[in-house]
Amino acid sequence: MPTILEIERLALDLSETERATLIANLLDSLAPILSDDDEGIAEALRRDAELDANPGLAISLADLDADIRNRLK
C-alpha cells in the first residue's frame with residue numbers, strides 16, 4: 001500500500017482540474033463536520049448577507065489589525 005507521502009507526490013503531479021476533482025471527491029467522502037448546534041453557521045450566513053447588502057460595513061485588514069493591537073495594550 002502506498003504511503004501518504006507517495007500519494008501526495010502523485011496527486012501534486014495531477015493537473016489543477018484533476019486535483020480539484022480529487023479534492024472534491026475526498027471531501028465528499030468525509031462525514032459533515034459543521035453543525036449549527038450553536039447557531040454559529042446561521043450567524044455567519046446572516047453576517048455575510050448583511051455585508052452583501054451593505055459593503056460599507058466591512059473594515060479593512062489593516063483596520064482589523066489596528067483594532068486587535070489596541071485591544072492588547
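Which side chains meet in a salt bridge at 3.0 Å, N to O? In this predicted model, the side chains in question are those of Arg-46 and Glu-50. Both residues lie in helix H3, 4 residues apart, which is about one turn of the helix. Through salt bridges that share partners, Glu-43, Arg-46, Arg-47 and Glu-50 are joined into one network.

The structure holds 3 salt bridges. Besides the pair already described, Glu-43 forms a salt bridge with Arg-46, with the closest N and O atoms 2.6 Å apart. These two residues are separated by about one helical turn, because they stand 3 residues apart in helix H3, which spans residues 40-53. Glu-43 also forms a salt bridge with Arg-47, where the closest N and O atoms are 2.8 Å apart. Glu-43 and Arg-47 are 4 residues apart in helix H3, so about one helical turn lies between them as well.

Glu-43 is partly exposed, with a relative accessible area of 28%. Arg-46 has a relative accessibility of 41% and therefore counts as partly exposed. Glu-50, at 38% relative accessibility, is likewise classed as partly exposed.

The overall architecture of the protein chain comprises 4 helices and 0 strands, and the order of elements from the N terminus is α-α-α-α. The radius of gyration is 20 Å, well over the 11 Å given by the globule rule for 73 residues, so the protein chain is more spread out than a compact globule. Along the principal axes, the C-alpha atoms fill a box of roughly 50 × 30 × 25 Å. Of the 73 residues in the protein chain, 1% are buried.

The accessible surface of the protein chain amounts to about 6900 Å², and carbon and sulfur atoms contribute 60% of this area. A nonpolar surface patch of about 520 Å² is formed by Ile-59, Leu-61, Leu-64, Ile-68 and Leu-72. One of these residues, Leu-61, belongs to helix H4, which covers residues 61-72. Leu-61 counts as exposed because its relative accessibility is 59%, where the cut-off for exposed is over 50%.

Definitions and conventions: Residues numbered from 1 in each chain as written. Predicted model: local features only at pLDDT ≥ 70, side-chain atom pairs only at ≥ 80, totals over all residues. Heavy atoms only, no water. Rg over C-alpha atoms; globule rule 2.2 N^0.38 Å. Buried < 20%, exposed > 50% of the residue type's maximum accessible area, 1.4 Å probe, protein only. Areas by Shrake-Rupley, 256 points an atom, 1.4 Å probe, with all protein chains shown as cover. Patch = residues over 30% accessible without salt bridge, like charges linked within 9 Å, V, L, I, M, F, W, Y side chains within 5 Å. Salt bridge = Lys/Arg side-chain N within 4 Å of Asp/Glu carboxyl O.
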